[in-house]
Amino acid sequence: QYQCPPYLGLKQEEEARVEKLLEVQKEIDELRAEYAETLRKHREEHLKFLDSVRTKRKGVVVPMAGEGLPMFWLTTIRNVPDPELWQAVTDRDELALKYVTEVSWHYTESRQGMSEPEDCDFLKAPPQRGFRIEMSFDKCPFFSNEKLWVEFSWKSGSVKSKSSGVSWNDGKCITARQRDIGSNGKPNKYRTSMFKLFEPSRVASSGQGLWDDTEKLAMALHFKAEVIPNAVLHYCRDPENDGLEGEEGDDLGDDTDSDEDDDSADEEEEEEDTPQAKAERAQNKRKKTDTEGMMKRIVGNRDPCVMFVIFIMALNLLIVPISIFMEP
């Protein structure tokens, strides 16, 4: 590897210069390998420390004795300021997420051979390194699994996933309507649900609406990069302070209002400003935002007058056939 190849057809003195350059290259490669190995060791030690700290966190959320923090992970997932996560997590999902006791991830493969230094930097996540997301439950009435998991690996640059599957109890399937489940017990059509992360990946013969490996990876990365490492920060987040634009009419009111009206409004707000009420308002606000986003994608920035003309033309197309049938 570090010898001048004869097919270059160089003169003897030129080959000598190339040999010297290859010796320098060998030193560079050795230093790079030494640096990468040092960083790899630091990364492994760092991940061990992280595991011990996460175990300590789990001991607070789900202690051996006592009540712990009820619905810790449901509240955490609710409060993550991520519209993509909100769109995937439905009200039906939240009924099952109440029973989550732990969410975790870990690498499933080690790096082989010499790696680039940035690939072994313990402050960075190596690209295309297999990992696994696990979600543990406590006697969930919707399925019999105690643990759901999804695992990712890369082959020839393409991501592949495998998952635990969900053993739904009779009539409790969240990812599909009862009428869409065939006689073999498998759905032929799926609906919006975060739990599709743990269902089989979409293939040609699978039911409509499943996620493919890339879509699963995108959802798993939300948990790996944001939900799991910053769980308690999201749990403590004000659900109304989610970075979304305020609704119309959320102004501070008219300065000419009487002091008596202001006092009564403040009293009503204090009575309603419970954590549960704030969470419900935040949920309604997110749903409204999702609906407005969908309408914006449909309507776009078209002029209202143009949209009105299109509406009238469509209405005429309906009226004309009806009037023909109504003629005596």
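Author: We will take the sheet, then the salt bridges. This is a predicted model, where local features need pLDDT of at least 70, side-chain atom pairs count only at pLDDT 80 or more, and totals for chains, interfaces and linings use all residues. Residues are numbered from 1 along each chain as its sequence is written, and side-chain values use heavy atoms, leaving out hydrogens and water.

Reader: In what order do the four strands form the open sheet?

Author: Strands are DSSP runs of E, at least two residues, and helices are runs of H or I, at least four, numbered from the N terminus. Two strands pair if DSSP finds at least two bridges between them. Here the order is β1-β2-β3-β4, with antiparallel pairing. The edge strands, β1 (100–107) and β4 (158–163), each pair on one side only. Between β2 (residues 131–137) and β3 (residues 147–155) there are six bridges, and S136 stands opposite K147 in β3.

Reader: How many salt bridges does the structure hold?

Author: A salt bridge puts a side-chain nitrogen of Lys or Arg within 4 Å of a carboxyl oxygen of Asp or Glu. This structure holds seven. In one of them, R202 meets D212 at 3.1 Å, N to O. Both lie in the loop between β4 and α6, so the pair ties together parts 10 residues apart in sequence. R202 also meets E215, at 3.4 Å. E215 lies in helix α6, so this pair ties together parts 13 residues apart.

Reader: Which residues are linked in a network of salt bridges?

Author: They are R132, E134, K147, E151 and K162.
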